[in-house]
Each structure stands twice: as C-alpha cells, then as structure tokens.
Amino acid sequence: MKIRQKITLWISGTALLAAVSFSSHIFLELLEEPIRLIDRELAHMAESLFEQGKSSGNERWTINETKLPYSPNRYWIKVFDGESHVLYQSSLASFTDIEPAGDKTRYNVEKTISRKLIRLDQDAHDKVEFRVREIKVQEGGRILIMRIAKPIEELEEELLELLREVGAGLAVCTLLIVLVSYQLAGRIMQPVVSINRLVGEIREKSLDRRIPVGEHRDELAALAISLNQMFDRLQYSFEQQKEFVGNASHELKSPITLLLLTQEELLLRPGLPEGMRKDLQRQLDTMRRMNKLIRNLLDLSRLEQQESLHLETLDLAGLIKMVLEDYRDMLAVTQIKVSTDFPGNLPLQGDPEKLQRLLINLIDNAIRYNKSRDGLIKISVQHANGFLCLKLANTGQVIPPEDIERVFDQFYRVEKSRSAVHGGSGLGLTIARKIVELHNGTISISSKDGWTEVTVALPEGNGGVLKT
C-alpha cells in the first residue's frame, strides 16, 4: 500500500470516527430527550388523576376530564387498589392490556391493535409502541397502583427517519472525507514524489543534477540535502574511477608497447632453441591481448568522458563496405561468406571515427564467434521511422537467454574459454553500446535457431548530441 493511501486511511478513519462519535452522541440525546418529556407528561397526568380519585374512596373513580391537563382518551390508563380491583381505566385500555415488567417502573412495550378498531399510527403490521410508567402511592392505609402509557409510534417513526438521515449524512460525509483526505495526502506527498522522480532521472551521465532544496527548512529539505550530498560523493567516485581507468591504461600503454617490440626482436634472432621460441611466441600473444585490452579500456574511458561528437554527413553504406574491405583477408582465411542488403547510399549525421569503430567491433565479433566451417554473415540496413536500422547476423553458437541482457556489460563473456581462445576482452560490445548511445540510438541482440543478430538503430537526422 502506498504512503498516500495510508495517509488517506488514517485521516479518513480519524475524521470518520470523530463524526460517528459526535453523531451518535447527538442522536442519543435526541432519543432520550423526548422520552424524558413523555415521562414527565405521564407523571403529571398521573398526579392529576390521583388528585381527583382521592375523593372516590374504594369505589370506581369518577373523573372530570375538563380538570385534567390532557384528555385521558390519548392514554392507556389503569388504576388498581391493593387487591387488584380496577378503580379506573381509560377507553384505550379496552383495546389491549399492558402487563407489568417486573421491578421496572419505566419501560417500552409493543402491542398489536388493529387499525379497524382505533388509529394510533400503527405500522404495516398494526404494531404500536407504548411508553409505560407504573406509579405507586399510599392513600389512607391503602396502596394504589397506576399504570399509564402513551402511544409513541409516531415518535418512533420520526426517530427511525432521523436515524436514516444521520446514516445518509455520514455516508456522504465519509465520501467527502475520503476525497478531501486523498487530495490532502497528495499535497503532503507531492514533495516526496518530486524528489523520487528527480532521483529516478539522475543517472551516471547526469550525476551533476541536484534536487532543489526549497525555501522551507523542514524534514523534506533535510532529505534533499542528504541525497544531494550522496550524489556529490557518487559523482566524485565515478569521476575518480574513470580518471583512474584512463590514467592507468595510458601509463600501461608505453611499457606494453616496449615489451611487444622486445619480444618481436627476440623472435627474429637466429639460432633460438625451438622450446624458447615457442615460449616467446606464447608471451608475445599474451602481451598482444593485453595491449588490445588496454586500447579498449582507453577507448571506453574516452567515450564515457565525452559529451559531444564530431558530427559529419557520411555514407553508412560506404563505411560498411570500407570495414568489410579491411576484413577481406580474414574472411577469406576463415571461409566466411558475407551477404549484404542495403542501398548504395545511406546518408547519416554521425562521428565517422566512432561509427567505424562500432562497425569494426560488430564485424569482428561476427567473425570470431562464427562457425568454424561454412560460416555466414548477413548485413542489412533499412529506413524505419526516421532511423537507419542496421542488422548484422552471423551463424554460430546460440547465446543462452540468461546471458542476452548481460553481453553489453564490461568484461562479461558468455563462454570464458571461447573468449580466451579468440582473444576477446569482453569490452567490444560495451564500447559499441557507448558509441550508439552517444548518437542517441539503440542497440539490441537476439540469438536463436543458430543465428545471433545485433540490431542498431541510428537517427537519420542531426541526432548525434549526447543526452545527459
């Protein structure tokens, strides 16, 4: 769950809990207040009845309704003496009976009275809710019991309607709270989202970018400062690493060249024992591989530190033919057949030296890792949505799917033994990718059915400005 959703839930839950608590308190007060008023009304009516009934003695009471505060016909009333003789009952008491509720003196009871007999705002099932009070008084040595009740079905319906309205109000309130909370959480999280987006945009080539700190010196500003300090350290480390690789390669270049010349001179001396000659030849081959590795490291270091290209209008078709001509002897020795499919002229804005190095690396790989006999190389170029799409495929061993995405990594070799035999350094495709990225292009590789194909897409127009 995202933090914005968590904040929304916390704010909504807190606000909703407060709203429900407040609404429940108000509703309970609204529920209890009418009941208290009815209880006082029943007590007042009972007091008036007792005042008139005192003069009747043990006989049935004679009540003067005009002297009562309310008409007794609106109430269910029964008065008993200690021997359970009925001294008085209202007309409503003839339709139903209300039993005592144990020790309770105030309670509610529901009775069924047909609307054909009397209308008391019954519900659809002729149910009527009564509020009952039972009052005992002692008069002249005897105990009088009055059970008086008032129909409150209409009040109950009004309270139920009020409850429904409160529920609907809470539902609408909940929806509004969630919407407002979500918007509020979005505003709270906006600085964090912006920081996260900027952190995601900062890459190896854009480590000089920094996160704006902002005017308010709060926790988010402290986070931005900490991240900027981390990027400062990362940028320094990357620059030191690149500088070290470049300097080390440059410093190693001269001694290796001197050793190569010495080894070649030693091999030219006459009268060398055959065993020593073989040892010197193996050492010479090893130093040549080291020399190639150092050249590749230097090239890679320059490409990583370069931010612009020497753009020229060139012919990609002519460049491909020139590189193939350089490899003519090697192709003849290895008996690899090359087929090409592209127009005679493919104008392109690019850096000729780097694009030539790109083609050399790709063709060199296609030759080195081709079949030992009857190998094939297919080269084609097509126009596709403003790009020149170069495809170079060669026969040979298929690259496993788990290695496809890693073949562009530095020093990565699909088969260590094969790379060592062919003198590979694991940097050819890495350099190729850097050159393509400098030209704002893309490079990918696929391998299946005995073929390995490299696809390079380069912008046809003036697209050779490095994206940082």
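Predicted model: local features only at pLDDT ≥ 70, side-chain atom pairs only at ≥ 80, totals over all residues.
In soluble globular proteins, nonpolar side chains tend to be buried together. The largest nonpolar core of the model comprises 41 residues, and I320 and V456 have the most contacts inside it. At least two core residues each are supplied by α5 (316-326), α7 (352-368), β9 (376-384), β10 (387-395), α10 (428-438), β11 (442-448) and β12 (451-459). Helix α7 gives the largest share, seven residues. Beyond its neighbours within four places in sequence, V456 contacts L358, L362, L388, C389, L390, V436, T442 and I443. Another core, of 22 residues, lies apart from the largest one and includes W61, I63, M146 and I152.

Helix α2 spans residues 153-201, 49 residues in all. The distance from its first C-alpha to its last is 69 Å, close to the 72 Å expected at 1.5 Å a residue. A bend of about 45 degrees occurs in α2 at M189, with the proline P191 following within four residues. M189 is itself one of the buried residues of α2, which also include L155, I177 and L198.

In the whole structure, 16 salt bridges were found. R106 is partly exposed, at 43% relative accessibility, whereas D39 is buried, at 4%. K78 pairs with D97, with the closest N and O atoms 3.5 Å apart. Because K78 lies in strand β1 (residues 76-80) and D97 in the loop between β2 (86-89) and β3, this bridge ties together parts 19 residues apart in sequence. K354 and D351 also form a salt bridge (3.5 Å, N to O), and both are buried. A network of salt bridges links E29, E32, E33 and R36.

Conventions
Residues numbered from 1 in each chain as written. Heavy atoms only, no water. Core = buried A, V, L, I, M, F, W, Y, C linked by side-chain atoms within 4.5 Å. Buried < 20%, exposed > 50% of the residue type's maximum accessible area, 1.4 Å probe, protein only. Contact = heavy atoms within 4.5 Å. Expected span 1.5 Å × (residues − 1). Bend = angle between axes of the 7 residues up to and from the residue. Salt bridge = Lys/Arg side-chain N within 4 Å of Asp/Glu carboxyl O.
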